[in-house]
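Here is a briefing on one protein chain. Look over the sequence and the fold, then read on.

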Amino acid sequence: MGSETPYFIPLNDAVEISKTRKIDLQSEIISIDKAHRRILSKPLHSLTNDPPFDNSAMDGFAVIYSETLKPPTILKVSTTVEAGNKFDNIINPGEAARIMTGAPIPKGADSIIPIELCEFDNENNTVKLLQESKPHFIRKKGENFSLNEILLSKGTYLTPEKISLCAAMGHGEVEVFKPLKVAIIPTGDELKLPGEELESGQIFESNTFGISSLISWLGHEPIRYPSVIDSIEELRKALNHASNNCDVIITSGGVSMGERDFVRKIMEQEGVIDFWRIKVRPGSPPLFGSWSNTPIFGLPGNPVSSHVVFRMLCAPWFRYLTHSSKPVENKIRVKLGEDIKTVPGFLTLRRVNLFELDDEIVATTKHHQGSGNIASIALGEALTLLGENHSGKRGEYCHVLIL
Ligand code: AMP
Ligand code: MG
């Protein structure tokens with residue numbers, strides 16, 4: 001690492017530096033059936049008005065409003081209109097049309113009376129209206145959105161609701177960014193796969209499973225590598241394989257100051273480091289740079305640290321590449337229910353649980369806050385965002401990021 005390499009920098013500076021390594025993503029057209037968590041690569045306009053025609057919001061009778069002002073009103077039932085019927089019904093003065101929810105409004109009608117406010121006379125084929133009809137029970141053509149209106153911008157992250165919106169706009173296929181292939185490489189002699197037998201001195205490898213899920217959550221393709229032992233040669237092999245086969249590399253472990261922190265060492269000797277260490281707690285050791293021109297994030301090995309660094313540093317970079325602000329990290333303002341230890345000059349990310357008290361949301365820590373305790377983030381509900389201007393004292397307000 002050169003002496004000019006940014007070292008121990010604020011999170012925001014780190015995010016900005018990471019953005020200087022950009023990847024131009026390709027696009028592809030996919031069925032909306034497969035579009036969950038994908039990101040639109042161009043804006044999407046509606047192919048229809050919604051609704052496409054005036055239709056009834058209720059099961060009832062379509063009538064002429066001015067004829068219903070003095071209830072009870074008796075009208076002849078001239079026709080029945082069902083959802084899916086063509087738009088070719090007409091009613092004349094003195095008439096009503098039996099109508100179902102979603103059915104087109106017959107010509108001549110300008111209001112609907114719900115079925116429960118009527119008495120139908122089967123014998124005479126008439127209906128008695130017990131009240132005035134309601135003009136607002138008609139859903140007007142285009143009242144939701146109109147033909148050619150752009151409802152989803154480039155960079156939109158497709159949630160289940162947005163996928164239904166794509167369909168309602170008439171799109172069975174959408175153009176989305178091709179997912180990035182992201183290599184996720186765990187490092188450490190002590191790591192064993194979950195499901196295997198632990199021997200003395202070993203722990204289960206947990207980081208890359210969560211990081212892999214976070215990559216899928218962001219709409220990309222995780223490729224989880226087997227653990228690499230603490231050896232420069234083995235690490236070099238894994239990094240070369242990853243840079244030849246993937247677009248981005250994420251490593252876990254081995255980036256601190258220790259003798260056996262080989263990711264940092266090999267990056268210093270053979271890679272390019274854009275910055276090393278950031279002012280967040282937990283999670284200060286990460287590095288970012290490139291290995292054979294492939295962007296690489298070196299995440300800390302401590303399980304909580306690897307997760308928080310991903311959320312705070314990697315996720316903004318991935319979103320930047322896809323022009324997306326989504327999924328937005330949901331942040332809310334809470335009151336601290338206890339003193340929370342902050343570190344001057346650092347962004348403090350404690351794992352807290354939330355509850356409501358006197359119309360306020362209060363945050364307290366519930367689980368041991370060690371950066372090795374994955375349960376604290378798995379069972380916690382939010383991360384505190386305690387920065388320079390916070391004391392961390394009980395009663396203070398701060399924002400938290402919802403997990
Ligand atoms: P390191 O950053 O390699 O010094 O690791 C810091 C701590 O995180 C050590 O206690 C490691 O055993 C632990 N650790 C490293 N990698 C993983 C992993 N993939 N899953 C769970 N714990 C890990
Ligand atoms: Mg290690």
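E82 is partly exposed, with a relative accessible area of 42%. The model is predicted.

**E82 and its surroundings**
- E82 sits in the loop that runs between β6 (73-81) and β7 (95-99).
- Beyond its neighbours within four places in sequence, E82 is in contact with M100, A103 and P104.
- Q369 lies 287 residues from E82 in sequence, and the two C-alpha atoms are 61 Å apart in space.

**Overall build**
- The protein holds 7 helices and 28 strands.
- Its radius of gyration is 30 Å, whereas a compact globule of 403 residues would have one near 22 Å.
- Along the principal axes, the C-alpha atoms fill a box of roughly 95 × 50 × 45 Å.
- Buried residues make up 48% of the 403.
- Of the contacts between residues at least 6 apart in sequence, 69% join residues at least 24 apart.
- The accessible surface is about 19300 Å², and carbon and sulfur atoms account for 50% of it.
- There are 43 positive and 50 negative side chains. The centres of these two sets are 3 Å apart.

**N207, in a helix**
- N207 belongs to helix α3 (residues 207-217).
- Its relative accessible area is 5%, under the 20% cut-off, so N207 counts as buried.
- The side chains of N207 and S252 form a polar contact of 3.1 Å.
- S252 is also among the residues in contact with N207 once neighbours within four places in sequence are set aside; the others are P300, G301, N302, P303 and S306.

**V280, in a strand**
- V280 is part of strand β20 (residues 280-281).
- Relative accessibility is 2% here, and V280 therefore falls in the buried class, which lies under 20%.
- S324 is 44 residues from V280 along the chain, with 24 Å between their C-alpha atoms.

**Helix α5 and its cover**
- Helix α5 spans residues 262-270, and its buried residues are F262, V263, R264, K265, I266 and M267.
- The cover over these buried residues includes helix α4 (232-245).
- Strands β18 (248-252), β19 (272-278), β21 (287-291) and β22 (294-299) are also included in that cover.

**Cis peptide bonds**
- The bond from P71 to P72 is cis, with omega near 0°. P72 is placed in the loop between β5 (60-63) and β6.
- R281 and P282 are likewise joined by a cis peptide bond, with omega about 0°. P282 lies in the loop between β20 and β21.

- N125 has a phi near 55°, a positive value, and is not a glycine. It is located in the loop between β9 (118-121) and β10 (126-129).
- With 34% relative accessibility, N125 is partly exposed, because that class runs between 20% and 50%.
- D358, also not a glycine, has a positive phi of about 50°. Its loop lies between β25 (351-357) and β26 (360-364).
- D358 has 68% relative accessibility, which is over 50%, so D358 counts as exposed.

Methods
Residues numbered from 1 in each chain as written. Chains lettered and ligands numbered in written order. Predicted model: local features only at pLDDT ≥ 70, side-chain atom pairs only at ≥ 80, totals over all residues. Heavy atoms only, no water. Helix = DSSP H or I, 4+ residues; strand = E, 2+ residues; numbered from the N terminus. Rg over C-alpha atoms; globule rule 2.2 N^0.38 Å. Buried < 20%, exposed > 50% of the residue type's maximum accessible area, 1.4 Å probe, protein only. Contact = heavy atoms within 4.5 Å. Areas by Shrake-Rupley, 256 points an atom, 1.4 Å probe, with all protein chains shown as cover. Lys, Arg positive; Asp, Glu negative; His and termini not counted. Charge placed at Lys NZ, Arg CZ, Asp CG, Glu CD. Polar contact = N/O pair within 3.5 Å; in protein donor to acceptor, adjacent residues only side chain to side chain.
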